[in-house]
Amino acid sequence: MVLKIYGHPTSTCTQRVLFTLEELGAHYELCLIDMPKGEHKTPTYIKTIHPFGRIPALEDSNFNTNRLFESRAICRYIAECNPGKLGGKPTNTKEVAVLEQALSVDFSYFDPTMKSLGYACLFRKQGVGSRGGLGVDNGLHSSFMGYGRGDQKKIDELTNQLRTVLDYYEWQLGQQEYLSGKEFSLIDIYTAPWIAFLPKINIGGELDSRPNVKAWWGKVSARPAWGKVISKLE
């Protein structure tokens with residue numbers, strides 16, 4: 001069975017799904033959605049692919065609607081369809097709790113902070129600030145996708161929130177090899193695209209001061225499956 005994925009390789013959420021598919025060696029077709037042109041907001045797309053007009057989405061006859069959306073749901077579904085091929089599946093109550101905690105940290109703290117920084121610093125055409133962190137562009141560029149320009153105070157606040165999460169990851173990865181334990185798992189896949197995104201908003205250097213996170217990212221980014229995802233950007 002060939003799975004059909006609607007998305008785009010520049011999308012971090014789509015990258016999660018592609019990373020999972022490549023790790024598991026699943027057969028799939030990537031149907032490119034042009035977001036700047038608004039293809040994800042057309043009535044047909046919303047009616048037949050994704051009710052909220054986002055990416056990615058999965059088309060699969062196993063579902064009554066022939067579709068599944070939300071990147072984490074898609075990743076988990078693909079993993080469950082390929083049992084035993086991806087590590088990190090809990091075997092006792094402690095491991096269940098640790099995994100759920102890692103998933104919650106990603107969903108509640110890391111992911112929303114990175115999304116906000118992405119919109120503020122890239123989609124709103126911002127650059128490096130005077131203090132060596134993130135900063136507004138002083139009006140030198142027009143806004144992107146109609147979001148307008150952000151403010152430096154909010155960017156500083158988000159940057160500090162991100163550093164708090166990265167500090168937690170640094171501590172956690174000092175105790176274990178991967179984010180949920182000794183094995184590479186879905187939570188590492190969920191986190192990887194945003195870590196790869198850091199240099200695009202001028203804070204890739206945050207990893208240099210966190211050797212455990214940097215070592216973890218070195219292992220994750222060296223995986224052949226991630227290389228295949230990145231190759232789609234070329």
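Start with helices α6 (186-197) and α7 (211-221). Their axes come within 11 Å and cross at roughly 105°; axes here are lines fitted to C-alpha atoms, for helices over the stretch in contact, and angles run from 0 to 180 degrees between N-to-C directions. The two helices are therefore roughly perpendicular to each other, a label for angles of 65 to 115 degrees. Helices are DSSP runs (H or I, at least four residues), strands likewise (E, at least two), numbered from the N terminus.

This is a predicted model, in which local features need pLDDT of at least 70 and side-chain atom pairs count only at pLDDT 80 or more, while totals for chains, interfaces and linings use all residues. Residues are numbered from 1 along each chain as its sequence is written, and side-chain values use heavy atoms, with hydrogens and water left out.

Next, show the side chains where the two helices meet. Asp188, Thr191, Ala192, Ile195 and Ala196 in α6 are in contact with Trp216, Trp217 and Val220 in α7 (contact means heavy atoms within 4.5 Å). These residues divide into six nonpolar, one polar and one charged; Ala, Val, Leu, Ile, Met, Phe, Trp, Tyr, Cys and Pro count as nonpolar, Asp, Glu, Lys and Arg as charged, and the others, Gly among them, as polar.

Stay on α7 and select Val213, Trp216, Trp217 and Val220, which are buried (under 20% relative accessible area, with a 1.4 Å probe and protein chains only). They lie on the same side of α7, because they cover an arc of only 100° around the axis; the arc is that of the directions from the helix axis to the C-beta atoms. The buried residues of α7 pack against α1 (12-24), α5 (152-172), α6 and α8 (224-231).

Now select Phe19, Leu21, Phe110 and Trp216. Of the 55 residues in the largest nonpolar core, these touch the most other members. Such a core is a set of buried Ala, Val, Leu, Ile, Met, Phe, Trp, Tyr and Cys residues joined through side-chain atoms within 4.5 Å. Helix α4 (93-123) supplies the largest share of this core, nine residues. Around Leu21, look for its contacts Leu3, Ile5, Ala26, Tyr28 and Ile78, not counting residues up to four places away in sequence.

Finish at Ala79, in helix α3 (residues 71-81). Ala79 is buried, with a relative accessible area of 14%. Beyond residues up to four places away in sequence, Ala79 touches Leu24, Leu86 and Leu186. The C-alpha atoms of Ala79 and Leu186 are separated by 8.3 Å, although these residues are 107 residues apart along the chain.

How values were computed: Buried < 20%, exposed > 50% of the residue type's maximum accessible area, 1.4 Å probe, protein only. Parallel < 35°, antiparallel > 145°, perpendicular 65-115°, else oblique.
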